[in-house]
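This report examines selected residues and their surroundings. The sequence and structure are shown below.

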Amino acid sequence: MNSTEQDMLLSDLLDGETIEREWAQWSAAAETDPALWRRLAEAQRDELALVRSLNRASSIADAVEVSSQSDVEIITTSTEFGARRSVWSWTGWAMAATLMLVAAVWKLQIPPANNTNTSQPIVNTAGIASAPEDYFKQYLETGKRDGTVIGELPARIVLEARPAENGIGYDVTFLRQIQERTRVPDLYQVVGEDDRGRAQLVSYEPPAGNPM
Amino acid sequence: MNQQPGDRQGDRVVAAALEGDREAIDALWRLHRRWIAAVLLAHKPAMDDLDDLLQEVAMTMVAKIHTLREERNLRAWLRTVAVNVARASARSARSRPVTPSAELDSTPSPLRLHTGEMERDETTRIMELIAQLPENYREPLVLRALHGMRSRQIAEIMNIPEATVDTRVARARRMLLELSENGGATSAVDGAVSS
């Protein structure tokens with residue numbers, strides 16, 4: 001029996017789908033090479049560890065449902081967790097540089113590029129304030145003009161989706177990512193916590209010529 | 001292929017699901033979610049986002065199951081959905097900026113919520129070994145080990161011959177053993193071919 005045949009036979013034995021013939025083959029081979037019994041025992045031990053590990057890893061699936069209490073809801077028991085983690089992943093990425101922008105007090109106003117009065121809400125032809133999307137566009141356009149908004153990233157991060165109550169389409173909750181710009185006098189880096197758990201900040205100076 | 005009573009009952013559930021029966025879809029999902037998790041793990045062995053990927057497969061199932069033409073193709077269809085979701089996620093992960101410190105994301109992974117430290121170590125170690133196997137060897141191995149699927153079922157799902165399934169499972173087991181013994185290096189992995 002060559003090593004490939006041995007692997008195949010061993011695999012059959014591990015699957016428990018063997019009949020007498022396979023056991024007889026293995027026993028016969030093990031008579032001339034007793035180490036095969038050891039190999040079989042170790043393979044069974046490894047197989048158990050593999051099954052155990054995969055079962056643990058995939059047990060997450062048991063918490064994922066396509067429906068819960070109501071007919072229309074497809075959000076799962078772990079969706080809240082998944083959504084929270086999505087947000088964390090996003091904020092975690094944004095916080096990757098561990099830089100704290102101290103802008104609340106020291107925020108310097110970037111003078112607008114022109115003096116266009118953009119404080120007027122958008123109104124439609126009937127004189128009624130438009131939809132939130134119009135206000136959002138206004139915010140983007142105004143921000144771009146005065147330099148505080150760079151733009152909106154095209155990718156939207158879906159947090160939750162469920163069939164609409166009327167059965168047509170889906171209600172989707174998502175994050176829109178806006179790139180903004182501001183100017184601050186200093187940058188601080190979080191380097192740890194003090195005894196009271198308060199963040200320890202040190203002034204941060206990016207390498208010259210690197211925009212971070 | 002002889003059809004068992006359980007198969008006929010399963011066919012009725014699939015037929016109801018295709019008609020949009022919510023309970024049937026729910027039942028189908030519960031029946032298949034474990035092996036779908038196995039397929040996801042085989043194609044993207046990172047466990048941290050497994051629940052998100054499962055959610056995506058579940059949502060696709062709800063939204064698209066009516067497009068399934070033949071009831072008996074359900075498993076193969078679900079497998080295709082899972083593989084596509086896993087690959088899209090892997091592509092997206094590759095294009096995402098690398099976080100300098102993983103510790104910044106303090107949210108515990110699902111695995112951490114479910115298991116103790118020693119179990120976690122074993123699972124992490126074995127999943128890392130599995131990740132080193134060639135992709136086409138991983139899937140039959142995890143389906144066999146996790147779900148106890150027969151070669152015939154795995155062959156149907158993956159659309160490959162049964163003999164190929166048996167060969168890949170046997171070789172994958174040999175590779176895992178070598179990886180485990182040699183601390184992550186094996187000649188069998190290097191020499192693996194698409195059989």
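## Surroundings of A:Ser53

In this predicted model, A:Ser53 touches B:Glu122, B:Thr123 and B:Ile126, with residues up to four places away in sequence not counted. The residue belongs to helix 3 of chain A, which covers residues 35-58. A:Ser53 has a relative accessible area of 0%; since buried means under 20%, the residue is classed as buried.

B:Arg173 is placed in helix 9 of chain B, spanning residues 162-181. With a relative accessible area of 11%, B:Arg173 is also buried.

The side chains of B:Arg173 and A:Asp15 are joined by a polar contact of 2.8 Å. When neighbours within four places in sequence are left aside, the contacts of B:Arg173 in chain A are A:Ser11, A:Leu14, A:Asp15 and A:Glu47. In chain B, the residues in contact with B:Arg173 are B:Leu141 and B:Arg144.

## The aromatic pair

Across all chains, a search of the whole structure finds one aromatic pair. The pair consists of A:Phe136 and A:Tyr139, whose ring centres are 6.0 Å apart and whose planes lie at 40°. Stacked pairs have planes under 30 degrees apart and edge-to-face pairs over 60, so this pair counts as tilted.

Both residues lie in helix 5 of chain A (residues 132-146). Because A:Phe136 and A:Tyr139 are three residues apart there, about one helical turn separates them. A:Phe136 counts as buried at 17% relative accessibility, whereas A:Tyr139, at 32%, counts as partly exposed.

Methods. Residues numbered from 1 in each chain as written. Chains lettered and ligands numbered in written order. Predicted model: local features only at pLDDT ≥ 70, side-chain atom pairs only at ≥ 80, totals over all residues. Heavy atoms only, no water. Helix = DSSP H or I, 4+ residues; strand = E, 2+ residues; numbered from the N terminus. Buried < 20%, exposed > 50% of the residue type's maximum accessible area, 1.4 Å probe, protein only. Contact = heavy atoms within 4.5 Å. Polar contact = N/O pair within 3.5 Å; in protein donor to acceptor, adjacent residues only side chain to side chain. Phe/Tyr/Trp six-rings, centres within 6.5 Å; stacked < 30°, edge-to-face > 60°.
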